[in-house]
Amino acid sequence: MVLGSRRLFLKRLVAAGVLSASACQRWLDKTLTAHVVVVGGGFGGATSAKTLRLLDSTIKVTLIVSSDRYITCPGSNWVVAGLTQLDRLTVDYRRLQANYGIDVLVDRVDRIERERRRLRLASGRQVAYDRLILSPGIAFRWDEIAGHDASTAEIFPHAWQAGPQTALLSRQLQAMPDGGVVLITVPADPYRCPPGPYERASMMAWWLKQHKPRAKIIILDAKRSFSKQALFEAGWARHYGYGTANSLIEWHSLADNPIVELDSRGNTLRSEFGDRFQGEVLNIIPAQAAADIARQSGLTDSGGWCPINPLASQSRYDEFIHVIGDAAQYAPIPKSAFAANSEAKACAIAVVNLLHQIPLTEPNWMNTCYSLITPEHGISIVGVYKLDAEQAVAAVKGAGGVSSPLSADFAEREASYAISVYRSLVVDTFG
């Protein structure tokens, strides 16, 4: 970034109330040599790396990713409906490297040596950091359903990390006989993308309605309610006969009777009370926790997630490590790509402030989540968040809300917005 554009960017931050005028001047007048390492190249990690370089091009930023390409989880449910393909959801990191001077390193972190502020990578390389931004995503907990593990997930795909499992789930749906049953299990909160299972059921139902109308989707939910429930149920009633004997979709709360066992030979799930559910396609979404590198580094609590000080996204266990995205505890902010993007920007500002010894400013966050019920029927929820008097994250009362279930024209516009917001988010993060 040239000095002129950097000055303009910082002046805009001042106008937005993010920085004080005096802080901005000190920022511009001070040349800094520092190394910030970002682990994880999803919407949180890539956004934080890009924002750091936009804020201060003197900071060296290294982005460590496990692959030179990334398939976005947002939009992956649309693949199951045949509305898009995985290659259209795939981005690479070349633009971040070319446009912003980010050092992109394709490798895997084996160990974080916190006391030395150093990473040991699978390749044998060692990388030192002044500040570490950790955005590693999720890991799956295989301990809740007996008989279900990483190997059986290759037969009964979760498809909760977009890629080969998404394609496998789509093929299984297409191969299922008309009149077959799809079982979708949904874990208890928290987990990545709270509305995701219900959008997936919608997209499956839309495809089945066209090709296998005698089929049925049964959602077995570990919760008593779910995100955007009224909007989803109104849409299911409108398009899929929800609430009738011939509904394409059934939703069952198993909060008091959870699924505890998979019989992989019989394609059967058993609940705690002995109820059995059999289907041709089993989409088992496991319970989740922060990625293994966070747990192995002592950055998680007993619940498996990373507690943070939200003012600067700093780990409660290490002031030089900042955790964002799905792995971090930002509740009530949901674990979504849009939220990770918002958290990343606030985190990057805090990191630059800390490196320049500028007082921290209180962040604000936003989440916008769109879902498709059909290609022409979209729904959304928006939340705005700030710090409360106890410095905890809290929803801003009166801000945000959900879309209207009443207007067909509005539902169609929401569907177009869903696609536009996805594309804009990808450009904002990776462009």
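At what angle do helix 7 and helix 8 pack, and how far apart are their axes? In this predicted model, the angle is about 5° and the axes lie 11 Å apart. Residues are numbered from 1 along each chain as its sequence is written, and side-chain values use heavy atoms, without hydrogens or water. Local features need pLDDT of at least 70, and side-chain atom pairs count only at pLDDT 80 or more, whereas totals for chains, interfaces and linings use all residues.

Two packed helices are described by the angle between their axes and the distance between the axes. Axes are lines fitted to C-alpha atoms, for helices over the stretch in contact, and angles run from 0 to 180 degrees between N-to-C directions. Helices (H or I, at least four residues) and strands (E, at least two) are DSSP runs, numbered from the N terminus. Helix 8 covers residues 229-240. The angle makes helix 7 roughly parallel to helix 8. Angles under 35 degrees count as roughly parallel, over 145 as roughly antiparallel, 65 to 115 as roughly perpendicular and the rest as oblique. Helix 7 makes the contact (heavy atoms within 4.5 Å) through Y198, E199, S202, A205, W206 and K209. Helix 8 contributes F232, W236, H239 and Y240.

Seven strands form an open sheet in the order 5-2-1-9-21-20-19. The pairing is mixed; two strands pair if DSSP finds at least two bridges between them. Strand 5 (103-106) and strand 19 (308-309) are the edge strands, and each pairs on one side only. Strand 1 (residues 34-39) and strand 9 (residues 131-134) run parallel and are joined by four bridges. Here V38 stands opposite I133 in strand 9.

Helices lie against this sheet. Helix 10 packs on the sheet and touches strand 1, strand 2, strand 9, strand 20 (314-315) and strand 21. The direction of helix 10 makes about 170° with that of strand 9. Helix 3 (residues 43-55) lies across strand 1, strand 2 (59-65) and strand 9. Helix 3 runs at about 165° to strand 2.

A database record covers part of this region. UniProt lists residues 35-138 for "domain: FAD/NAD(P)-binding", in an unreviewed entry. UniProt positions are given in the numbering used here, feature names are shortened, and annotations may be inferred rather than shown by experiment. Over residues 35-138, the chain is 24% helix and 38% strand. The end C-alpha atoms of that stretch are 25 Å apart.

Strand 6 and strand 7 form a hairpin with four residues between them. The two strands pair in the antiparallel sense over four bridges. E113 stands opposite R118 in strand 7. R117 lies in the loop between strand 6 (109-113) and strand 7 (118-121). Phi of R117 is near 50°, a positive value in a residue other than glycine. R117 is partly exposed, with a relative accessible area of 28%. Buried means under 20% relative accessible area, exposed over 50%, and partly exposed in between (1.4 Å probe, protein chains only). N267 also has a positive phi near 50°. N267 lies in the loop between strand 14 (259-263) and strand 15 (268-271).

Most residues other than glycine have a negative phi, and most peptide bonds are trans. The bond from D189 to P190 is cis, with omega near -5°. P190 sits in the loop between strand 11 (181-186) and helix 7 (196-211). A331 and P332 are also joined by a cis peptide bond, with omega about 15°. P332 sits in the loop between strand 21 (318-323) and helix 10 (337-355).

Individual residues complete the description. The structure holds zero disulfides (pairs of cysteine sulfur atoms within 2.5 Å). For C306, the nearest cysteine sulfur is that of C347, 13 Å away. C306 counts as buried, at 0% relative accessibility. C347 also counts as buried at 0%. S170 lies in helix 6 (residues 164-175) and is buried, with a relative accessible area of 6%. Leaving aside neighbours within four places in sequence, S170 is in contact with V79 and V80. G274, in the loop between strand 15 and strand 16 (276-278), is partly exposed, at 36%. G274 and N257 are 17 residues apart in sequence and 8.8 Å apart in space, C-alpha to C-alpha.
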